[in-house]
Structure formats: structure tokens, C-alpha cells
Amino acid sequence: MPEVQSGVQPGMQSGGGEPDVRAGGPQDGFMREALAEAQRAWDLGEVPVGAVVVKDGVVIARGFNQPIAGHDPTAHAEIVALRAAASVLGNYRLPGCELYVTLEPCVMCSGAMMHARLAKVVYGARDPKTGAAGSVVDLFASPQLNHHTAAVGGVLDEDCGNMLKAFFASRRAASRAARTEREKQAIAGARLAGGHGAG
């Protein structure tokens with residue numbers, strides 16, 4: 001379960017680079033598209049992470065978290081969106097494309113982006129437990145790798161982080177309610193059994 005943090009300076013690049021000059025502009029609109037995909041994941045009971053791939057200012061592919069429904073550990077929002085974009089373009093390489101995702105990508109997704117030759121990834125909330133764009137490791141700043149995808153974090157980070165926090169709070173509340181109901185049933189069953197024994 002990712003622990004999300006907000007408060008990243010909007011538009012700050014991974015590796016301590018300069019802020020993206022478009023921060024607060026078109027990036028917000030694309031991130032809202034990603035948030036809409038995250039809501040689709042929530043509606044299906046998946047962790048609400050969404051992503052879109054943009055080329056030449058147009059969204060060409062979308063994806064949302066679906067590893068549970070698909071019985072697929074690789075079905076993160078980013079991977080789903082990358083696969084869809086590759087299908088649209090007819091190419092496993094995605095030069096000139098940008099990916100917007102509501103949560104800092106993990107190592108798997110970051111590696112896939114670099115293999116796809118993605119130009120840039122823009123993410124919302126940081127993930128201090130599994131984030132691979134600077135929170136835990138920073139694959140995008142590694143000089144040993146032969147392709148470097150630019151990474152920009154903190155775009156609509158509060159909106160992205162709040163959605164995740166609300167989802168996990170809701171799930172914890174549902175778990176507590178279910179546990180309370182089980183306890184009530186167990187007590188009622190014990191009383192019923194005790195009553196029969198007394199007779």
C-alpha cells in the first residue's frame with residue numbers, strides 16, 4: 001500500500017533540475033485526465049492510480065490500475081497506458097511522448113518508460129515507499145542508463161495524494177465495519193449456544 005506525500009514543488013524535475021516552465025499550465029489539464037482514470041480504478045476497487053500518454057499536445061492513450069481484476073502484477077496504470085500508446089502508434093518506442101500519472105512511478109514502470117524512449121513523465125503525488133523518481137531511488141537521474149526520460153513531479157500533488165488517502169481511509173473503515181459485524185455475530189452465536197446449553 002503506497003504511502004503518499006504531497007508538498008513537492010510543482011514542476012520540479014527529478015534529480016534537482018530546474019522547474020518545468022509549463023508547470024501550472026497544460027500539465028494540470030493532462031493530470032486531471034489522469035485523475036479521471038484513477039477514479040475508474042477506484043470504482044472497480046483498485047488502488048486509484050491513473051495515467052495518460054500525450055503526443056503533440058493530444059492524449060493518445062489512457063490507463064488505470066487494474067492488477068487485481070486482471071490477475072496481472074504488471075497492470076499498473078503506466079504500463080496499461082504505455083501498451084495502449086504503443087498500439088495506437090504501431091511502435092514499441094514512444095519518442096516525443098509524455099506520460100502523466102497521479103502517483104510517482106515504481107521501478108517497474110520507470111524502467112518501461114525508459115525502454116519505450118518516453119520523452120518525459122509527469123507525476124502528481126510522491127511515493128516515499130516505492131517511488132523511483134527520487135523518493136526511494138531515482139532511475140531517471142542515473143547516468144549509467146543509456147536513455148534518460150525527463151521526470152517532473154508535484155503537478156496537482158494535493159489532488160492526487162488526497163484521492164489515494166481517501167481511498168485507503170475508506171478501505172480501512174470498511175474493514176473495521178466488517179470486523180465489528182463479525183464480532184457481533186460471534187457474540188450472538190455464543191449467547192445462543194449458551195442458552196441452549198442451559199436448557
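1. Basis. This is a predicted model, in which local features need pLDDT of at least 70, side-chain atom pairs count only at pLDDT 80 or more, and totals for chains, interfaces and linings use all residues. Residues are numbered from 1 along each chain as its sequence is written, and side-chain values use heavy atoms, without hydrogens or water.

2. Annotated site. An unreviewed UniProt entry marks His76, Cys106 and Cys109 as "binding site". Such annotations may be inferred rather than shown by experiment. The three span 34 residues in sequence, but no two of their C-alpha atoms are more than 9.3 Å apart, so they gather at one spot.

3. His76. This residue sits in the loop between α2 (67-70) and α3. Helices here are DSSP runs of H or I, at least four residues; strands are runs of E, at least two. His76 is partly exposed, at 23% relative accessibility. Buried means under 20%, exposed over 50%, partly exposed in between (1.4 Å probe, protein chains only). Beyond four places in sequence, His76 contacts Asn65, Cys106, Met108 and Cys109. Contact means heavy atoms within 4.5 Å.

4. Cys109. Is Cys109 buried or exposed? Cys109 is buried, because its relative accessible area is 0%. Cys109 belongs to helix α4. Leaving out residues up to four places away in sequence, Cys109 touches His76, Glu78 and Ile79.

5. Helix α4. In α4 (residues 107-115), the buried residues include Ser110, Gly111 and Met113. The buried residues of α4 pack against α3 (77-89), β4 (97-103) and β5. Arg117 follows α4 and has a positive phi, near 60 degrees.
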